[in-house]
Amino acid sequence: MLSIFARLPLLHKILIGLISAVIVFSMIFLPSPSALRKNEKHLEIGRHYPLSINKEALAPGESIPPTAVLRWERHIVKSGESAAVLFQRIGLSSRLLYEITASSVRAKQQLSRLKPGNKLVFGFNQENKLIQLRRTINPYESFLITRTPTGFKTSIDKKEIHYQYNYTEATIVSNFWNAAKKAGLTGNQIMELAGIFGWDVDFALDIRKGDQFRLLYQEKVVEGEVVGKGNIIAAEFINQGDTFKAILDDTSGNYYDENGRAMKKAFLRAPLDFRRVSSNFNPRRLHPVTGRIRPHRGTDYVAPIGTPIWAAGDGVVIKSSYNQFNGNYVFIKHSNTYITKYLHLKRRLVKTGQRVKQGQTIGQLGRTGRVTGAHLHYEFLVHGVHKNPRTVKLPESKSLAGSRKQTFLASAKIKLAQMKHYSLVLTAKR
Ligand SMILES: [Zn+2]
């Protein structure tokens, strides 16, 4: 026996050796099949075990056919169409409609509220009898009217909403809006992003080619499909070399920077909607009156007549008046230190002595006074001295403190790390 083994080629010897080792190992160390079966009877705490469910046993003992076997028809409500017209169009009787609307107030309400574009789904059984009517309220809720042996019953079908994170980033080439659109953001998200950084960055005049932003945001998912965008979780904006970071505080719903300082500040950088301002990318724009390149003692925003003008901060209107130079003008005193001035308005919407809140509309952009074109002339005074409102150092914003700050900083760290991770993944994919 040994001599036969000795005469075998080397490869065979190695194989025989290995196989024998495996057999010996499995005999000694592996549990016997009976031992495995025995273990199954001991359920472990915290582990999930599949259970088979008898679905028929759970179904109501009534003669409603399972909705799966129904024939479904989808109809979109047309312009000016009532439930009566719709029922007629798709060949359902007015008696059926009456039966449904008479069955409950809620059914009647739902069918009297039809709007063009609403989606209705009708489920018929084999005898062509209407068994269920579904009206989609939104991607996660449907109103159901179901025929039962005791009449029509109403219910709401709610799908579970899950949230997932998504990430996007962009470098601005032509303007902020286009870059954000290209990065896949919705109009709401773009305004939200501009709102978060609107105290630090003047989106109307200070965005430059090469500015960057990145953000981590929530998406609403229903049955595996993204049905909407949720909150911005964390974002970064690089404007002319300055980096600003903002992270959502889950407790308050407000945004703070990575040190827990509020993004919301005492003053807005720009007192109007950046989308209305026409000269986003022309810093060398001539002044509408003087013809000089650099604006004088204020900032000029060229935008359509009628554009709403906002109070840059909370304060009291110290002057709301008219003269031949300023046209219609509003001065607001925010504290003993700060005064803001708004000139050439078409209309003033506040009176002298009135208290105003940050972001409140105080007038409309116009071309009154000594001007050659419509624009807002905006001045920012600190202790009576004119400052550039876009670069002036503004009062310290409120910071989080104590345990709230600690909680925020811990979660901010995770969110920023997640954003960085997504950014790296995206870079690696390119
Ligand atoms: Zn001016």
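Which residue in β3 is the bridge partner of Gly 123? The partner is Gln 132, and the views below show where this pair sits. The model is a predicted one: local features need pLDDT of at least 70, side-chain atom pairs count only at pLDDT 80 or more, and totals for chains, interfaces and linings use all residues. Residues are numbered from 1 along each chain as its sequence is written.

**View 1. The open sheet has five strands.** The strand order is β1-β2-β3-β4-β5, with antiparallel pairing. Strands are DSSP runs of E with at least two residues, and helices are runs of H or I with at least four, numbered from the N terminus. Two strands pair if DSSP finds at least two bridges between them. At the edges, β1 (71-76) and β5 (151-158) each pair on one side only. From one strand to the next, the twist averages 20 degrees.

**View 2. β2 and β3 form a hairpin.** Five bridges link β2 (residues 119-124) to β3 (residues 130-138) in the antiparallel sense. Leu 120 stands opposite Arg 135 in β3. Five residues lie between the two strands, and Asn 128 in the turn has a positive phi of about 65 degrees.

**View 3. β3 and β4 form a hairpin with two residues between them.** These antiparallel strands are joined by six bridges. Arg 135 has Phe 143 in β4 as its bridge partner. Strands of a sheet pair through backbone hydrogen bonds, either parallel or antiparallel.

Terms used. Axes fitted to C-alpha atoms, helices over the stretch in contact; angles between N-to-C directions.
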